[in-house]
Amino acid sequence: MSYLLSLLVPVLFIAAVCLFLTVVAKICQQSGTAEFRVNGELKNSEVSLGTSLLEACQEEGIYLPAACGGRGNCGLCKLKLSSGTTKADMFEKIHLGEAALEEGFRLACRSKLRKNTDIAVPLELLNVKKFEAALKSAVKLSTDVKELQFEILGDKMDFKAGQYIQIYYQSNDDKAIRAYSVSSPPSQMEKGLFTLDVKLVDGGLVSTWLHSLKEGSQIDFTGPYGEMTAADKKHKDIILFAGGVGIAPMRSIIREYLEEESKVSKKTSKNKKGKKSQKSQKRLMLYYGAKNLEALYEHNYFLELSSKNNNFIYKPVLSEPRLEDGWEGLTGMIDEHLAEQPVSVSSLILICGPEAMGEKIINLLSQKGVSPENIILDAL
Amino acid sequence: MTLANAISIIFASVISENILLFYFLGTCPLISLSRDPEAAFNMGVAVTFVTTFSAAANFVLDRYLLGPLGLQHLRLLFYIVVIAALTQALEMFLDRFLPAVYVSFGIFMPLLAVNCAILGVSIFASLREYSFAETSLFAFGSGVGWLLVVSAMAAIKRRIPKENIPPSLGETGMSMVIAAMMAMSFWAVSQVFKGVALS
Ligand code: FES
């Protein structure tokens with residue numbers, strides 16, 4: 001009898017608790033709607049109260065950057081509210097700071113629609129579109145990084161080398177968004193192809209899924225996003241800092257640079273034989289940090305490139321080289337080696353890697369007199 | 001419950017037998033929570049809120065359901081369900097009816113469902129066979145005690161980056177050292193009061 005009770009009572013109790021929660025959820029269901037405007041234009045006059053601004057934007061086909069999938073961790077979904085601001089929560093306070101909050105900035109994933117709202121969305125984000133692609137091939141670059149090549153289905157994406165896309169993952173009980181930099185140059189997109197370097201994260205929902213994709217499997221993504229690009233920039237010297245898988249966008253930038261160089265040199269040899277054009281004098285320097293030689297994928301390619309091309313300088317740094325690596329190059333952290341390196345203050349600096357690495361490099365560079373406008377960070 | 005009894009429960013739960021520093025329950029947020037004192041305070045308020053409500057609900061459950069049916073050995077299971085349901089219900093309620101309160105500390109509610117301090121308070125209260133009033137007071141005091149320690153810790157942790165701490169210790173190690181010092185100072189305060197009471 002007591003065994004029966006021990007079984008029956010908990011089951012009945014849990015059922016009662018579920019019922020209670022259903023009733024509470026019904027009572028607490030948001031009722032009412034509000035107007036949702038983007039840059040002053042009415043997009044939807046009946047958005048349910050309580051919808052997050054990120055969701056409201058998605059419904060209208062506006063895909064804001066949201067690398068953390070709306071968990072309030074990345075701070076990328078920041079936007080300005082012209083009207084309808086509500087009290088900011090802890091995540092918004094941490095990411096935005098008092099001054100920005102005062103100006104009306106909020107995180108779209110954390111702010112909910114509570115009244116008529118008007119948000120300001122920059123033009124380049126309005127151009128972000130949704131795409132579909134199918135996996136064409138997968139190549140292992142290191143123990144935990146795979147290069148996935150996709151073929152875009154339908155319209156091509158117009159992007160600049162260094163930019164990233166957001167992949168949408170959905171299963172029966174999970175939903176997630178993750179950001180990945182495109183590692184192929186934009187010229188590949190003309191053929192409808194692009195590649196991503198995907199690092200398998202321990203317990204990572206999306207990276208595990210991407211690593212398990214079979215040829216022909218389809219993905220949904222939006223893009224392009226990101227400011228970390230050298231396109232349209234006139235700087236003569238470009239210094240790239242990549243930490244770990246942060247090398248992906250740099251691969252795109254370097255390949256585009258090489259393509260441009262070869263175009264220019266072809267033109268030059270056609271027009272004025274022997275004389276090099278001014279345009280080809282762009283110099284590229286790559287600092288690439290990884291744990292050990294295994295994780296420093298594409299190392300041989302960069303080595304070869306630097307030996308062939310005088311305008312490309314390659315500085316690999318290993319933080320924990322293994323004995324079998326036989327490493328004789330730089331060790332430690334990238335910033336430790338930057339201190340003694342002379343840097344031209346007019347250089348363009350692009351950084352992609354862990355935030356702590358980026359901050360240290362930025363500090364050092366500002367001490368060297370590089371102005372903040374010339375530094376672009378894409379924190380992983 | 002006499003006034004002296006009430007004061008001693010409050011004093012013990014906030015200071016001398018602080019749930020965090022004396023029983024080492026609910027330490028994860030102490031170590032991992034950011035250095036933002038405001039966030040720490042808000043989370044403390046949420047913990048106090050949930051601890052008090054859940055201990056009261058668990059008291060009723062223990063006294064009027066588990067006790068009569070002789071199912072006290074299933075206490076843990078029932079308490080966990082009550083805490084999880086309560087945090088969920090409170091979160092929904094605050095989100096709907098008190099959005100301003102929700103953004104301050106409602107966002108911590110899902111984290112609290114797995115906070116061992118909250119479960120610990122309910123269990124201690126029933127093991128000590130407290131009455132309803134004593135249970136509620138004890139739970140409230142424990143919540144306030146937790147709030148006090150976490151807020152103090154956040155305020156102290158803010159200074160860590162400015163100090164020259166041993167690199168091998170790091171911020172986590174330093175947090176443990178700070179917690180140990182706090183535990184000693186809380187104990188010292190309780191001893192002072194004990195001395196005053198005896199004299
Ligand atoms: S999506 Fe990452 S903070 Fe909003």
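A salt bridge is counted here where a side-chain nitrogen of Lys or Arg lies within 4 Å of a carboxyl oxygen of Asp or Glu. This is a predicted model, in which local features need pLDDT of at least 70 and side-chain atom pairs count only at pLDDT 80 or more, while totals for chains, interfaces and linings use all residues. Residues are numbered from 1 along each chain as its sequence is written, chains are lettered from A and ligands numbered from 1 in the order in which they are written, and side-chain values use heavy atoms, with hydrogens and water left out.

**Stop one: salt bridges**

Over all chains, the count comes to 15 salt bridges. Begin by selecting A:E298 and A:R255, a salt bridge whose closest N and O atoms are 3.8 Å apart. The pair links distant parts of the chain, 43 residues apart: A:E298 is in the loop between β13 (283-290) and α8 (299-308) of chain A, and A:R255 is in helix α7 (residues 247-271) of chain A. Helices (H or I, at least four residues) and strands (E, at least two) are DSSP runs, numbered from the N terminus. A:E298 is partly exposed, at a relative accessible area of 21%; buried means under 20%, exposed over 50%, and partly exposed in between (1.4 Å probe, protein chains only).

Next, select A:R110 and A:D89, a salt bridge with its closest N and O atoms 2.8 Å apart. A:R110 belongs to the loop between β4 and β5 of chain A and A:D89 to the loop between β3 and α3 of chain A, so the pair ties together parts 21 residues apart in sequence. Is A:D89 buried or exposed? A:D89 is buried, with a relative accessible area of 2%, whereas A:R110 is partly exposed at 22%.

In chain B, select B:D62 and B:R75, whose salt bridge has its closest N and O atoms 3.2 Å apart. B:D62 is in helix α3 of chain B and B:R75 in helix α4 (residues 75-97) of chain B, so this pair ties together parts 13 residues apart in sequence. B:D62 counts as buried at 11% relative accessibility, and B:R75 is buried at 17%.

**Stop two: strands of chain A**

Select β9, β8, β11, β6, β7 and β10 of chain A, which form, in that order, an open sheet of 6 strands with antiparallel pairing. Two strands pair if DSSP finds at least two bridges between them. β9 (175-181) and β10 (193-199) stand at the edges with a single partner strand each, so one side of each is left without a neighbour in the sheet. Strand β8 (residues 164-170) of chain A pairs with β9(A) in the antiparallel sense over 7 bridges, and A:Y168 has A:I177 in β9(A) as its bridge partner.

Then move to strand β3 (residues 78-83) of chain A, which runs antiparallel to strand β4 (residues 105-107) of chain A, with 3 bridges joining them. Here A:K80 stands opposite A:F105 in β4(A). Another 3 bridges join β3(A) to strand β5 (residues 117-120) of chain A, again antiparallel, with A:S83 opposite A:D118 in β5(A).
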